[in-house]
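Take a look at the model below.

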Amino acid sequence: MDYMYCERTTNYLFAEPLNAISNLFFIISAYVLKRKHNVKDNIFSYLIYFIGISSFFWHIFNNNLTAFLDTLSIILFISIYLFRFYYRIFKLSYLSSIFLITFFIIFSILFSAVFNSSVIGSSSFYLPILSHLFLNYLLLKLKVPTLIQLKSLLYASLIFSISIILRYIDEFICTNFIYGTHFLWHGLNSIVLYLVCNFMLVTDRSSPKKPS
């Protein structure tokens, strides 16, 4: 029987110990972000907590419900983050922000559906996200080069690139390393989420100039 991750070789509980435990990185990331930005509008800490907890249960129980929660936590984070990004950083309207978010999520899902059976596999869902992240960095670099913490988006893009590669090669290195590399995907992504959320919270309160 084929399993989604290299580390899982059975249906038994806790068959993915490293993949499960490595979600602790998300909890740490959320905790540090909460301590640094202990403000009412810091919803991102709770969203990262949700990602870590959902992913933990997905790698423990590996069923339809936990798979749904894992996916929901990711889409929820993307939706809320992008709304604030469009609305507060790029100063777009509510309707424009919602339209762009809806378009982006639908495009990412369709992109994944088309390329899921290709050599890219399920990691294809994350390629539009990576492209979008880097594109936003370039746009802000051109429009507001003095923006506080702008390099955080560049660093996040670079780390996320490495993270996607590690997620992709997980199934190909099983014969040489039975634990795979998916747990590293968790670790690096916790850094990515911290960087983009810290950027948002710092930049939003600094009231940057509207990109023209």
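Which residues make the nonpolar surface patch of about 580 Å²? In this predicted model, the patch is made by Leu13, Phe14, Ile21, Ile53, Phe57 and Phe61. Helix α3, residues 44-61, gives the most to the patch, with three residues. Phe61 lies in this helix, α3. Its relative accessibility is 44%, so Phe61 counts as partly exposed. Buried would need a value under 20%, and exposed a value over 50%.

Now turn to the cysteines. A disulfide is a covalent bond between the sulfur atoms of two cysteines. The model has one disulfide. The bond joins Cys6 to Cys174, with an S to S distance of 2.1 Å. Cys6 sits in the segment before α1 (17-21), and Cys174 in the loop between α7 (151-169) and α8 (182-206), so the pair ties together parts that are 168 residues apart in sequence. How covered are the two partners? Cys6 is buried, because its relative accessible area is 7%. Cys174 is partly exposed, because its relative accessibility is 25%. Cys197 has 0% relative accessibility, so Cys197 counts as buried.

Last, follow helix α6. It runs over residues 126-143 and has 18 residues. From first C-alpha to last, α6 reaches 26 Å, close to the 26 Å expected at 1.5 Å a residue. Which residues of α6 are buried? They are Tyr126, Pro128, Ile129, Leu130, His132, Leu133, Asn136, Tyr137 and Leu140. An α-helix has 3.6 residues a turn, so residues three or four places apart point the same way. Read the buried list of α6, including Ile129, Leu133, Asn136 and Leu140, with that in mind.

Conventions
Residues are numbered from 1 along each chain as its sequence is written. This is a predicted model: local features need pLDDT of at least 70, side-chain atom pairs count only at pLDDT 80 or more; totals for chains, interfaces and linings use all residues. Side-chain values use heavy atoms; hydrogens and water are left out. Helices (H or I, at least four residues) and strands (E, at least two) are DSSP runs, numbered from the N terminus. The expected span of a helix is 1.5 Å times one less than its number of residues. Buried means under 20% relative accessible area, exposed over 50%, partly exposed in between (1.4 Å probe, protein chains only). Patches are made of residues with over 30% relative accessible area and no salt bridge: like charges are joined within 9 Å, nonpolar side chains (Val, Leu, Ile, Met, Phe, Trp, Tyr) within 5 Å. Accessible areas come from the Shrake-Rupley method with a 1.4 Å probe; for residues, only the protein chains shown count as cover. A salt bridge is a side-chain nitrogen of Lys or Arg within 4 Å of a carboxyl oxygen of Asp or Glu. A disulfide is a pair of cysteine sulfur atoms within 2.5 Å.
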